[in-house]
Amino acid sequence: MQASIGIPKSESQKITDILSTLLADEHVLVIKTRNYHWNITGPSFMEIHKFYESHYEILTETIDEIAERITQLGYQAIGTMKEFLSVARLTEGPCNEHQTEQMKVLLADQETLCKNLRKDIDDIEDLKDPVTTDFLTGVLAKHEKMAWMIRSFLK
């Protein structure tokens, strides 16, 4: 059922498309993070294992919030891996054995998400949806913090 919340249908569809792409990116990143979490080895095993867990918990919460925003706008959130991979900007990747390489991959994805989110926020501002703009600003803050944590590890 279409929501009657003051956003024209053509604009809410564009917003939903942006959110669906972000939802897909978040899924790619959470799966990659979980893969690394499950397969971590090395001298810092416990520390990195917990670090990855804290990140995928944040990502899982964010995924739920994005899907809920889509449904608030009156649309159905995509929910299959096929759908996610068809619209995601991030790509899947193999599980690298070395934790430094894993961290570099995750950092690149986090920073890519930050850049994409800035563009998404600008696009949604043009569509005059301050609620989604505000929401995405919060998501951006989470990704900036996770990127900073990874950069700190790599120093």
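**Reading the helices and salt bridges**

Tutor: Let's start with two helices: I48, F51, H55, I58, L59, E61, T62, E65, I66 and R69 in α2 meet V131, T132, F135, V139, K142, H143, M146, M149, I150 and F153 in α5. Meeting here is contact, meaning heavy atoms within 4.5 Å. Helices are DSSP runs of H or I with at least four residues, numbered from the N terminus.
This is a predicted model, where local features need pLDDT of at least 70 and side-chain atom pairs count only at pLDDT 80 or more, while totals for chains, interfaces and linings use all residues. Residues are numbered from 1 along each chain as its sequence is written, and side-chain values use heavy atoms, leaving out hydrogens and water.

Student: At what angle do α2 and α5 pack?

Tutor: An angle runs from 0 to 180 degrees between N-to-C directions, using axes fitted to C-alpha atoms over the stretch in contact. For α2 (residues 45–72) and α5 (residues 130–154), the angle is about 170 degrees, and the axes are 12 Å apart. That makes the pair roughly antiparallel, a label for angles over 145 degrees.

Student: Which residue forms a salt bridge with K142?

Tutor: A salt bridge puts a side-chain nitrogen of Lys or Arg within 4 Å of a carboxyl oxygen of Asp or Glu. By this rule, the count is ten. K142 pairs with E61, with the closest N and O atoms 3.9 Å apart. K142 is in α5 and E61 in α2, so this bridge ties together parts 81 residues apart in sequence.

Student: Is D120 buried or exposed?

Tutor: Buried means under 20% relative accessible area, exposed means over 50%, and partly exposed is in between (1.4 Å probe, protein chains only). D120 is buried, at 4%. Its salt bridge partner R89, at 3.1 Å from N to O, counts as partly exposed at 32%. D25 joins R89 and D120 in a network of salt bridges.

Student: And what does R89 have to do with T21?

Tutor: T21 touches V87 and R89, setting aside residues up to four places away in sequence. T21 lies in helix α1 (residues 9–39) and is buried, with a relative accessible area of 17%.

Student: Where is the place of Y75?

Tutor: Look in the loop between α2 and α3. Y75 is buried, at 14%. Beyond its neighbours within four places in sequence, Y75 is in contact with Q2, K9, S12, Q13, T16 and I70. The C-alpha atoms of Y75 and T16 are 7.3 Å apart, although 59 residues separate them along the chain.

Note on methods. Angles under 35 degrees count as roughly parallel, over 145 as roughly antiparallel, 65 to 115 as roughly perpendicular and the rest as oblique.
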